[in-house]
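Subject: Structure handover

Hello,

Here is the structure you asked to have passed on.

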Amino acid sequence: MQGAFTAAQYLIRKRHAQPGYLRSAYPISNFEQRADGFYKAIRAAGMPTAASQALRLTPSQEGAYEDMKALLASGEKPVSCYFADNDLIAIGAMKALKDAGYHIPDDVSIVGFDDLPSCEYMSPPLTTIMVPKFFMGETAAARIIQLIEEKNQQPLKIEVFTQLVRRKSV
């Protein structure tokens, strides 16, 4: 939730416009948390959530490309900026937008989520939210060892924050 909130806030601050949302066409539980964070940022900026263009795209690079290409061909006009549920959706949408003649980030800015290695090789490189997966694994392993070694542990919720990786797509 925090990562999507950060991404939406960044888009609002940089573009001075209401961001759209490139949502997964399939229900995925952590994407629902991302939706919560996105819409919380919209409300915190004093914008109506209903005014955010939400486009449902297949959560794969090829699927998002085909879906966005079809939406644009049907007359859908893009907004000036989008948050995408994942980098694959963002990459596919970027390609469809560029194929339709839009310039990233001049016409449309996009922020993804996951910081896949391919993000920095995109043209332009994709701004994204980095999830510290290795650190999360280390933290989980340490907690498991602690639970094994020390009986009667209290339940513990550990939250690992994400980080905005600024590149050239915004």
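The notes below cover the sheet, the helices across it and some of the salt bridges.

Please keep in mind that this is a predicted model.

Sheet

Four strands form an open sheet in the order S2-S1-S3-S4, and their pairing is parallel. Its edges are strand S2 (54–57) and S4, each of which pairs on one side only. On average, and with direction ignored, neighbouring strands in this sheet are turned by 25 degrees against each other.

The pairing of S2 with strand S1 (residues 20–24) is parallel and runs over four bridges. Within that pairing, Leu 55 in S2 is the bridge partner of Leu 22.

Helices across the sheet

Helix H1 (residues 2–15) lies across strand S3 (81–84) and S4, and its direction is at about 170 degrees to S3. Helix H3 (residues 61–73) lies across S1 and S2, at about 135 degrees to S2.

Salt bridges

The structure has five salt bridges. Three of them are described here.

Glu 32 and Arg 23 form a salt bridge through their side chains, with an N to O distance of 3.3 Å. Arg 23 counts as buried because its relative accessibility is 10%, and the cut-off for buried is under 20%.

Lys 95 and Asp 99 also meet in a salt bridge, at 3.3 Å from N to O. Both residues belong to helix H4 (residues 87–99); because they are four residues apart there, about one helical turn separates them. Lys 95 is partly exposed, at a relative accessible area of 43%, and Asp 99 is partly exposed as well, at 47%.

The side chains of Asp 115 and Arg 167 form a salt bridge with an N to O distance of 2.9 Å. Asp 115 sits in the loop between strand S4 (109–111) and strand S5 (128–130), while Arg 167 is in the segment after strand S6 (163–165), so this pair ties together parts that lie 52 residues apart in sequence.

Regards

Key:
Residues numbered from 1 in each chain as written. Predicted model: local features only at pLDDT ≥ 70, side-chain atom pairs only at ≥ 80, totals over all residues. Heavy atoms only, no water. Salt bridge = Lys/Arg side-chain N within 4 Å of Asp/Glu carboxyl O. Buried < 20%, exposed > 50% of the residue type's maximum accessible area, 1.4 Å probe, protein only. Helix = DSSP H or I, 4+ residues; strand = E, 2+ residues; numbered from the N terminus. Pairing = 2+ DSSP bridges. Axes fitted to C-alpha atoms, helices over the stretch in contact; angles between N-to-C directions. Contact = heavy atoms within 4.5 Å.
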